[in-house]
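Here are my notes on the model, in numbered points.

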Amino acid sequence: MSPDALLDPARLERPDTLVRQAPFPFMVAHGQLPDEARGDLDRDFPRYPSAGFFPWDPADCGPSVNALVEQLTAPAFAGLIGQRLGIADLGQYPTLVTLCRLLNKRHGTIHTDSKSKVATALLYLNPQWPDTSDGCLRFLDKIDDIDATVTPELPPLYGEFAVFKRCDNSFHGHLPYEGERRVIQVAWLTSEEEKLRKTKRGKFSRLFKKLFGKLDTRYGADRDRNAAHPD
């Protein structure tokens, strides 16, 4: 299929799309990708050998994933997201795109995101998910209770989309999970300086995990289900 047809803003208008302003502004939208693109996106998603989120590099990805990233970061699409979250002209902010294929159990602790982020979007691409809550995104109203959900948890399945405004109480996380969990994350940042800083840190993390991947797998593997960090 044509890469231009991957992201249709009209899908945000589905009747099952959920938009809330409390306890912080967020949106959960289902079925945001066409079924006929599954094969292309599966083929073109980067095959990172290490767990975690890494800065988008077009050289890592095939054409359909690169096209999808371009559409997710377009100012017009950001404007539609901003309207729902109460953020004026979201498209004015620089974007940082990171992709994840694998997770370790230490990932997913409850947090708010850093103050350098204006909003964050997560587009999931897993073709299937086991019958478990592990690894499913939860929006929360407490920083110390993973069960304090404010909406049903979101399995990271193909086409599921979540976006939220970063606030001091934008608590989110998931239960420990180890394995494949494909997601494209878009963060709208407060400045180009923050984008450069985060990109450098992400590249260093990728190199570190390439060299010391086994240590990274063991670190934090026994974390508490309610583990948290403030941002």
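1. Let's begin with the aromatics: Phe-24, Phe-26, Phe-139 and Phe-164 make up one aromatic cluster. For ring pairs, the rule takes Phe, Tyr and Trp (its six-membered ring) with centres within 6.5 Å; planes under 30 degrees apart are stacked, over 60 edge-to-face, and the rest tilted. That rule gives 8 aromatic pairs. In one of them, Phe-24 and Phe-139 sit with ring centres 5.6 Å apart and planes at 85 degrees, so this pair is edge-to-face. Phe-24 belongs to the loop between β1 and β2 and Phe-139 to strand β6 (residues 138-139), so the pair ties together parts 115 residues apart in sequence.

2. A word on provenance. This is a predicted model, where local features need pLDDT of at least 70 and side-chain atom pairs count only at pLDDT 80 or more, while totals for chains, interfaces and linings use all residues. Residues are numbered from 1 along each chain as its sequence is written, and side-chain values use heavy atoms, with hydrogens and water left out. Helices (H or I, at least four residues) and strands (E, at least two) are DSSP runs numbered from the N terminus.

3. Another edge-to-face pair is Tyr-48 with Phe-54, at 5.1 Å centre to centre and 65 degrees between the planes. Tyr-48 is buried at 4% relative accessible area, and Phe-54 is buried at 1%.

4. The loop between β1 and β2 also holds Pro-23. Check the peptide bond between Ala-22 and Pro-23: it is cis, with omega about 5 degrees.

5. Helix α3 (residues 75-85) has Phe-77, Ala-78, Ile-81, Gly-82, Arg-84 and Leu-85 buried. Looking down the axis of α3, these buried residues fall within an arc of 160 degrees, so they line one face of the helix (the arc is taken over directions from the helix axis to the C-beta atoms). The face turned away from the buried side carries the exposed Pro-75, Ala-76 and Gln-83. What do the buried residues of α3 pack against? Their partners are β1 (18-20), β2 (26-29), α2 (63-72), β5 (117-124), β7 (161-165) and β9 (179-189), with contact meaning heavy atoms within 4.5 Å. Just after α3, Gly-86 has a positive phi of about 75 degrees.

6. Now the interior. A nonpolar core here is a set of buried Ala, Val, Leu, Ile, Met, Phe, Trp, Tyr and Cys residues joined through side-chain atoms within 4.5 Å. The largest has 36 residues, and Leu-41, Leu-68, Leu-72, Ile-81, Phe-161, Ile-184 and Trp-188 touch the most other members. At least two residues each come from β2, α2, α3, β4 (95-103), β5, β7 and β9, and α2 gives the most, with 5. Leaving aside neighbours within four places in sequence, Leu-72 contacts Leu-7, Phe-77, Leu-123, Phe-161, Ile-184, Val-186 and Trp-188. A second, separate core of 15 residues includes Val-28, Tyr-124, Phe-139 and Phe-164.

7. Strand β5 deserves a look: 8 of its 8 residues are buried. β5 runs antiparallel to β9, joined by 7 bridges, and pairs with β7, also antiparallel, over 5 bridges (strands pair if DSSP finds at least two bridges between them). Thr-120 has Ala-187 in β9 as its bridge partner, and Leu-122 has Ala-162 in β7.

8. Three aspartates are worth checking. Asp-44, in helix α1 (residues 38-44), counts as buried at 5% relative accessibility. Its side chain makes a polar contact of 2.7 Å with that of Arg-43 (N or O atoms within 3.5 Å; within protein, one able to donate a hydrogen and the other to accept it, with sequence-adjacent residues counted only if both atoms are side-chain atoms). Asp-89 has a positive phi of about 50 degrees although it is not a glycine; it lies in the loop between α3 and β4 and is exposed at 51%. Asp-113, in the loop between β4 and β5, also has a positive phi, near 85 degrees, but is buried at 5% relative accessibility.

Methods
Buried < 20%, exposed > 50% of the residue type's maximum accessible area, 1.4 Å probe, protein only.
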